[in-house]
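Please look through the assembly below with attention to how its chains meet.

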Number of protein chains: 4
Amino acid sequence: MIINMNEGATEQEIQHVIERVREAGFRAHVTRGTERCIVAAVGSGGKRHELEALAAAAGVAEVVPIAQPFKLVSRQVKPEGTVVDVGGVKIGDGSFVVIAGPCSVESREQIFSTAEAVKVAGARLLRGGAYKPRTSPYEFQGLGVEALRLLSEVRKHVGLPVVTEIMSTEDTDLICGHADMLQVGARNMQNFALLRRLASVKKPILLKRGPSASVKEWLLAAEYLLAGGNPNVVLCERGIKTFETEMRNTLDLAAIALARELSHLPVIADPSHGTGRRSLIAPTSRAAAALGADGIIVEVHPCPERALSDGAQSLDFSGFKAVMESLAEPLRAAPVSHHRINRTAAAN
Amino acid sequence: MIINMNEGATEQEIQHVIERVREAGFRAHVTRGTERCIVAAVGSGGKRHELEALAAAAGVAEVVPIAQPFKLVSRQVKPEGTVVDVGGVKIGDGSFVVIAGPCSVESREQIFSTAEAVKVAGARLLRGGAYKPRTSPYEFQGLGVEALRLLSEVRKHVGLPVVTEIMSTEDTDLICGHADMLQVGARNMQNFALLRRLASVKKPILLKRGPSASVKEWLLAAEYLLAGGNPNVVLCERGIKTFETEMRNTLDLAAIALARELSHLPVIADPSHGTGRRSLIAPTSRAAAALGADGIIVEVHPCPERALSDGAQSLDFSGFKAVMESLAEPLRAAPVSHHRINRTAAAN
Amino acid sequence: MIINMNEGATEQEIQHVIERVREAGFRAHVTRGTERCIVAAVGSGGKRHELEALAAAAGVAEVVPIAQPFKLVSRQVKPEGTVVDVGGVKIGDGSFVVIAGPCSVESREQIFSTAEAVKVAGARLLRGGAYKPRTSPYEFQGLGVEALRLLSEVRKHVGLPVVTEIMSTEDTDLICGHADMLQVGARNMQNFALLRRLASVKKPILLKRGPSASVKEWLLAAEYLLAGGNPNVVLCERGIKTFETEMRNTLDLAAIALARELSHLPVIADPSHGTGRRSLIAPTSRAAAALGADGIIVEVHPCPERALSDGAQSLDFSGFKAVMESLAEPLRAAPVSHHRINRTAAAN
Amino acid sequence: MIINMNEGATEQEIQHVIERVREAGFRAHVTRGTERCIVAAVGSGGKRHELEALAAAAGVAEVVPIAQPFKLVSRQVKPEGTVVDVGGVKIGDGSFVVIAGPCSVESREQIFSTAEAVKVAGARLLRGGAYKPRTSPYEFQGLGVEALRLLSEVRKHVGLPVVTEIMSTEDTDLICGHADMLQVGARNMQNFALLRRLASVKKPILLKRGPSASVKEWLLAAEYLLAGGNPNVVLCERGIKTFETEMRNTLDLAAIALARELSHLPVIADPSHGTGRRSLIAPTSRAAAALGADGIIVEVHPCPERALSDGAQSLDFSGFKAVMESLAEPLRAAPVSHHRINRTAAAN
């Protein structure tokens with residue numbers, strides 16, 4: 001159950017609701033937004049009808065029953081979509097935001113040339129890894145602080161806000177000083193210590209879906225962020241693990257529509273990791289747009305063959321330009337036609 | 001290796017190539033199309049350079065090396081897309097063909113009213129099950145011959161060619177007498193006895209991907225049909241099994257683009273089975289169109305709550321109309337914009 | 001609901017029960033065993049309490065409510081395990097039956113030498129493929145009738161009953177004339193036309209689990225056989241498809257214990273297909289025994305490197321002997337020890 | 001390539017090898033054990049033959065080529081199995097170690113009574129969660145520091161070393177002060193920041209396999225610990241995510257045998273999480289023993305119905321005792337029998 005308070009609800013009214021929630025046998029989880037306050041009654045075994053009665057209490061706008069285990073991220077609680085502001089770029093406002101850049105920041109030349117190329121082609125945000133989660137300890141792990149400084153610089157020069165991944169709670173302040181949006185990688189989607197830490201930062205979070213996380217688990221990971229106080233979360237579908245071997249992952253495009261149905265948070269797709277195949281990036285990006293995604297995040301590198309990570313799925317500059325152009329093409333021959341049926345005639 | 005013969009190649013020239021293929025240590029697999037003949041050299045351990053030398057033989061147009069295990073379905077062998085004619089409706093010609101109808105034929109009234117409604121809304125082909133593959137022996141198994149007769153009737157009255165599923169080799173002649181296209185269901189994708197039988201019929205085949213089949217295995221199932229003499233195959237992605245529980249299956253939309261890249265056969269999507277959720281049919285249908293699919297197949301029922309099978313994922317008539325209309329809407333805000341970068345200025 | 005009739009129930013009593021089941025709004029599914037008759041009330045929407053009242057009807061032994069969708073295979077209906085007789089060898093009687101032999105029958109010499117070797121090492125049944133389900137139409141498809149004749153011969157000479165796969169309803173009579181047990185392969189687990197045909201044969205069936213079938217779906221496939229009149233079914237777990245790449249499949253060993261809990265049918269394991277790795281056959285066979293499996297089926301070939309199919313997972317004769325010996329070894333150091341706790345003493 | 005140095009190799013000899021590794025185009029990764037030093041040459045593109053030549057260098061015992069991406073965990077590098085000492089209890093020495101206790105520490109009474117019961121029944125180590133990774137932020141998250149103190153106490157009183165989960169790098173020192181072994185949970189298997197931190201602690205690590213991690217990825221996670229300096233790692237298989245719904249996860253028992261084949265590290269199984277079904281714990285524990293596992297970890301609670309987490313899969317005290325007893329039972333009827341074949345006689 002969610003108790004939405006009125007905009008002008010007083011502190012006293014809020015406290016009264018909290019007490020009644022506890023008396024009914026639930027824990028009260030309070031989220032104070034800039035405009036209004038939400039009290040979530042969580043737990044099982046309490047008396048639901050006592051909560052329903054709160055609809056009549058002073059200061060209460062409405063009481064919303066939530067069947068799903070996630071509350072604050074639910075579209076039932078907040079029917080209108082959330083718009084997340086990333087350094088001035090809005091995600092979730094109806095536009096289609098393209099985030100592009102190299103898997104890893106490798107050098108000043110690499111990140112500057114890429115930032116310029118993707119901006120010219122239409123990207124609105126720049127991605128670039130400073131700390132890389134690598135399956136093997138012997139693989140390139142990112143340039144770390146040096147990469148963060150380069151990202152700060154290129155942001156000023158080219159004018160694109162920057163997204164980069166955070167892997168450790170200890171790096172939080174450092175990365176917040178350089179980036180406009182912090183990415184939680186797929187392998188860390190259920191790193192709850194990290195989620196709790198990021199719930200308290202002022203920067204928006206890009207939350208990737210884990211490779212074997214269900215849509216519910218993904219939304220519950222986002223719930224950690226919202227419940228902890230950070231409402232600025234963008235969801236990112238990046239492919240799940242299946243038995244298929246021709247693609248690196250199975251990009252679960254339908255999950256974009258499902259996440260948008262269940263939640264008010266913006267959703268984007270990562271076709272680079274999701275397919276691992278350069279040739280599939282344009283068609284799956286178009287599919288994401290068709291499904292109502294709020295954007296995509298793609299890997300672009302000046303020379304993919306020489307990339308220190310993820311070369312096989314990275315686009316070069318002309319490849320990225322082609323993807324952007326394909327996004328502007330209309331859908332295949334609209335099928336609607338208006339036949340008339342003359343049943344009597346047909347029967348003859 | 002594939003040896004494409006010239007259009008005017010003589011039988012003698014073809015026989016010469018076949019002999020040489022065998023001498024080189026391969027089996028020769030001959031497909032005689034209406035216009036030209038293709039000799040596939042299959043097996044391993046033969047002398048590849050002897051095959052390459054055949055490029056110079058009389059009547060040979062070209063010798064194409066094929067790395068993939070599938071040969072005749074490969075786009076390497078036939079770069080232009082195949083167009084399959086289903087009772088006059090072309091699949092693969094650049095249009096987006098919508099196949100619609102009930103999961104099962106349940107009554108004359110049901111199939112006639114559905115056929116009329118879907119035709120008016122823009123469907124080009126009618127689907128309807130006569131024999132239903134059911135997980136439990138106690139579930140409704142379809143009306144069988146009675147359903148086939150109703151399909152024949154409704155085809156004449158409404159003027160839509162008919163697609164229906166075949167489950168048993170023994171029903172082949174019967175179903176060919178009533179339907180315009182035979183569907184091989186997902187559970188039968190690797191029913192090789194059935195594939196071999198259908199390779200010899202004159203009707204086109206709709207080949208659904210198995211719920212745990214890789215794209216390669218799917219194309220190899222199609223290869224059984226082509227290798228056996230039936231070139232009229234349409235592939236259908238219908239969702240794979242994963243750990244996700246909110247959707248009936250995971251519709252592998254990216255596989256549509258991959259199948260089109262690897263094969264010249266038309267590809268359609270089945271968003272009804274692929275998602276099992278009525279609300280996801282419109283967005284995933286749009287995504288299929290964005291990925292270059294040649295069409296979709298969707299379940300429509302006059303009253304989904306009363307359907308004898310698959311009610312939860314069936315559209316009613318107005319729901320189907322809405323899906324058709326959504327297919328005509330443009331993609332979300334095209335993102336391309338042409339910023340100019342003034343690097344010096346930005347640095348100030 | 002299942003209505004178990006008394007052993008001596010008359011035809012009249014049975015018919016009365018059937019009528020009452022129908023009046024209550026269910027379909028009546030009657031299975032006449034050699035000793036007693038079972039009436040299953042299937043369908044939903046009927047009046048359950050009217051069925052319960054049948055406990056008092058003449059000739060009725062008991063009325064058993066079944067929550068699961070499978071009825072006749074359920075251990076609720078028949079608590080004692082079923083024993084299946086395969087040419088005199090009992091599966092399910094508490095012994096551990098090893099079925100061994102080549103993936104495919106390739107020659108007289110190959111099948112005779114293998115049959116002798118596996119018999120000497122302790123195998124009780126001989127496996128050998130005559131018709132092979134192959135992913136590609138260009139792979140070796142089995143020797144067909146010639147292989148069946150060789151199996152008949154070797155059975156007489158060596159004295160091992162024979163198991164072989166059936167892929168097509170049309171081969172039923174032919175294969176029944178040569179084999180003691182018919183195998184339904186994993187890809188055909190939901191080939192319902194085949195299941196229906198095999199429900200009417202007198203030979204026992206080895207039903208492999210499909211690579212993406214849940215345990216419930218597997219049991220429902222067995223239900224087709226029992227409901228159609230063939231009670232002699234042995235279940236075989238042979239590995240499911242997952243994301244793992246080091247093994248051909250993921251052998252779902254725990255499913256053996258689950259299937260035995262839910263059903264009275266015997267269950268065996270196929271570690272050869274289940275792992276695809278020769279080195280894992282001995283340990284997983286031991287695990288199957290530890291889980292209560294009634295046996296295993298393993299691939300053995302005189303010279304695995306030269307096998308026409310499945311060489312990588314086949315054992316040679318000495319490898320098979322080693323697997324048999326490992327099955328006789330005790331479990332690792334039994335952990336039970338009886339410590340005494342002197343809580344006061346420990347606190348000092 | 002791995003260069004194993006002699007036990008008495010001098011620092012100068014080690015430095016020489018390191019320099020030559022770098023000259024050959026690789027990075028040198030040095031692990032100094034208590035007895036001898038290992039230099040791993042990692043990276044690609046270097047000159048392998050120059051490394052091979054190092055076999056002749058002073059102080060070098062042998063040069064071992066490693067095909068797998070993991071090096072230090074590989075059985076190729078260290079053929080004999082590793083024995084890990086956990087507060088005096090040896091894992092990997094050929095015995096079968098049972099770790100038991102509640103999912104979460106809930107109260108003094110609960111953890112004391114459980115510790116005593118499991119010790120009497122034969123458990124060698126006590127498990128108990130202080131910090132719980134929970135899918136939802138609203139679920140019970142563990143008692144934290146209070147639980148750690150109770151674990152310290154109960155360890156002294158009952159005399160069982162303690163295993164507990166660590167979720168955050170920031171808790172490292174605190175938990176090391178209370179526990180004998182630190183568990184990395186399945187969701188954190190690729191939390192590389194945590195792995196790097198735990199590589200430097202003196203306590204042994206229990207590394208659970210991620211629910212969608214391949215065996216290779218699991219071993220590479222262990223490689224992070226060994227490469228960072230902590231050789232005391234025990235692997236734990238706890239079930240992977242598949243499409244199956246009757247069990248919480250699919251316990252990948254065959255992976256135990258595979259991990260033991262590929263690596264020298266001890267491997268245990270977690271049948272509680274792996275199956276999520278109380279009735280399957282005894283048979284899957286026996287299977288783990290049959291596969292050569294070095295032990296199991298199981299959940300035991302005084303009153304599973306009232307457990308704050310994982311009640312459905314927890315054993316009560318008598319259930320745990322029954323599991324321990326089942327581990328002492330012999331394998332099912334050993335199948336080996338030595339038939340003699342008289343081929344001539346059989347032919348008559």
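A salt bridge joins B:Lys241 to C:Glu217, with 2.7 Å between the closest N and O atoms; the term stands for a side-chain nitrogen of Lys or Arg within 4 Å of a carboxyl oxygen of Asp or Glu. This is a predicted model, in which local features need pLDDT of at least 70 and side-chain atom pairs count only at pLDDT 80 or more, whereas totals for chains, interfaces and linings use all residues. Residues are numbered from 1 along each chain as its sequence is written, chains are lettered from A and ligands numbered from 1 in the order in which they are written, and side-chain values use heavy atoms, with hydrogens and water left out.

Between chain B and chain C the count is two salt bridges, and 21 residue pairs, both at pLDDT 80 or more, are in polar contact across this interface; a polar contact is a pair of N or O atoms within 3.5 Å, where within protein one must be able to donate a hydrogen and the other to accept it, and residues adjacent in sequence count only if both atoms are side-chain atoms.

How many residues of chain A are in contact with chain B? Here 70 residues of chain A meet 70 residues of chain B, and the buried area is about 5,700 Å², of which carbon and sulfur atoms give 64%. The rule finds six salt bridges across the interface of chain A and chain B, including one in which the side chains of A:Lys216 and B:Glu246 meet at 3.5 Å, N to O. Among the elements that give two or more residues to the side of chain A that touches chain B are α3, α4 and α8 (254–262) of chain A, and α8(A) gives the most, with seven residues.

Notes
Contact means heavy atoms within 4.5 Å. Buried area is the accessible area (1.4 Å probe) that two parts lose on being put together, summed over both. Helices (H or I, at least four residues) and strands (E, at least two) are DSSP runs, numbered from the N terminus.
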